[in-house]
2 protein chains.
Amino acid sequence: MPSSTHISTVGEFGLVDRLREIIESPAADSAPSSDLLIGIGDDAALFRPRAGRGLLLTADAFVEGIHFDLAYTSFLHLGWKTIAANLSDIAAMGGEPGYAIVTLALPSKISVEMMEDLYRGARHACTDYGCRIVGGDTSASLGNMMISIAMTGDVEIGKELRRDAARPGELLCVSGTCGGAHAGLRILAREKRRFLESGARDGFQPNLEPYKEVIERHLVPRPRFDVARALVDVGVRAAIDVSDGVASDARRIAEASHVGLEVVGSSLPLLASTRAVAAKFAENPAEYALFGGEDYEILFAVADDGVYRLLERGIDITVIGRIVDAKNGLTFITTEGERVALPPRGWDHFMATGNAS
Amino acid sequence: MPSSTHISTVGEFGLVDRLREIIESPAADSAPSSDLLIGIGDDAALFRPRAGRGLLLTADAFVEGIHFDLAYTSFLHLGWKTIAANLSDIAAMGGEPGYAIVTLALPSKISVEMMEDLYRGARHACTDYGCRIVGGDTSASLGNMMISIAMTGDVEIGKELRRDAARPGELLCVSGTCGGAHAGLRILAREKRRFLESGARDGFQPNLEPYKEVIERHLVPRPRFDVARALVDVGVRAAIDVSDGVASDARRIAEASHVGLEVVGSSLPLLASTRAVAAKFAENPAEYALFGGEDYEILFAVADDGVYRLLERGIDITVIGRIVDAKNGLTFITTEGERVALPPRGWDHFMATGNAS
């Protein structure tokens, strides 16, 4: 049985000291530091920006019960994922990671050890991608747990990837595969339900092994800096990360760029295990890709010679549609070849119909 | 009766559009923008850092029921205060304001109009101090409301105000007055209790007029850029903003600087109205200053010639103690002249004994 220390026994200051030890341990050495002048422990962090580059700033909030369920998310995974989601925003701008600030609102059920695991997971992601946690703010919460992370990055001005730069005639592409994170979430939610319904809690054996790949897509997303760097190299200008599903995120590119676009359903890249999960639930796996979200792949527009140059470099991208004039609107071409309006759904936390699941 | 639009009727995207209109309205013009290349509406904001300056990054979380009570905090005030608290961190580093990112977790009771007021208050503070909101993330919440704001600023490297730069022999000073925010909170909490106990809700008249000054200290704190700029000018190196009370924040300077310090109780600068509130509750007003927090004044260490140079400029500072060797620890000198250990209390959200009230 792991030990469980109530945060009130060490206090906010004691907690911060313990978390600081994790962040500043030697294992975190690979993160950038030569430009960091003041880290954790002052009113603000202070760093020297790299000369001539533009500064990126982003933030994402993660709310218990909305973005994560502690019944099937370990704190190690949660720490990884919250950092990875912010890193994905930096990658989708064509940027390199900088510094992160973590704010936490913690209900009394959260122990010091849980927070240490959260920070270990966060540090792991930081170390893997070259980011550093330089501060934060920790508070109690009377309700659910919330994590908000703000992150900086930098990019060569003029080479940044933007939502508003797509042009008619370009192809619409996505990296990797889509819908996997949602397939993983479907399995985890089902196993939670089976667990709660089983009654015999001690004897319950979750059946997760066949779904390891998609569960990992949900719990341990990997920001695609490899893809983004190649996009910048070949001169791509318009990109977004797929955090809310291909439908929502393609719509964001279209609205920001004042263009229309077409998405070909049969071309959406899906893992075999994503198809298997959808089949099990008698659902359409294309909907996982369109509306599931949290894949953290990169959706972008590129002229056709750019597609070849990316494939030539071995970058795993798929053409899924094209950019058209704004007057043609947003079109989805179904597997049956029918042309329909691209559904406006996507992951919207406030809408009852916001999620395909 | 003001209109009340449920956020689900406009959705996350619709809400963001309405908030964006407030942020980008012409009235917000005075905020810096020439260096802002991408604002709200992309994966990250992009700006050009001012050449040769260090970048500051800070964040603060505000949790309903912990940091604010919607029973007596308007959304306009809440928006102001959340921005002001972050600005205060930038000021306390000797910096100039930059850009802010707002993340929100909103329970279903929060309407679109409430959020618009929150953003109007936030924009007001941004406009007054030269900051700009450049992005955010908005989510539903199943529990309480949470706001987390991250902010950048910049400072001349080598002139930043730090917690770790206090030296024995320097005087300990604070700007303005302390304990007023806590006095205001005491009154607001009392009026809420009276309201709930009155039963006759429609006929209830809160009695706030005599306490306007301290209530404003609680609801509309003003970051002390005026003081911080003067400190930088006269060569002060060690400072912190008073967010958790003089006792906690003086302790942070002592620990970071590896020094001891002495605080003279009778010298703590208090408003007459703060004394009046404490008298009403039969409490010690010095405790409001020591443990109340949220005054957002600046606590700093300075050589004695610096004190004169600051007074000469008309800066409202008070000498409240001095920095001593670490081996002498932290001492509080009571109004009766007794020397006691500086109490370790302060505003700690996780400790039952964390607040003097």
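**Exercise 1.** Work out what share of the 357 residues in chain A is buried.

*Solution.* Start from the criterion: a residue is buried if 20 or more other C-beta atoms, placed from the backbone, lie within 10 Å of its own. In this predicted model, totals for chains, interfaces and linings use all residues, local features need pLDDT of at least 70, and side-chain atom pairs count only at pLDDT 80 or more. Buried residues come to 55% of chain A. Residues are numbered from 1 along each chain as its sequence is written, and chains are lettered from A in the order in which they are written.

**Exercise 2.** Describe the build of chain A by its helices and strands.

*Solution.* Count DSSP runs, helices being H or I of at least four residues and strands E of at least two. Chain A has 10 helices and 13 strands. Its radius of gyration, taken over C-alpha atoms, is 21 Å, close to the 21 Å of the globule rule (2.2 Å times the number of residues to the power 0.38), so chain A is as compact as a globular protein of that length.

**Exercise 3.** Determine how chain A is related to chain B.

*Solution.* Superpose by least squares on the C-alpha atoms of residues with pLDDT of at least 70 in both.

Conventions: Buried ≥ 20, exposed ≤ 12 C-beta atoms within 10 Å, placed from the backbone.
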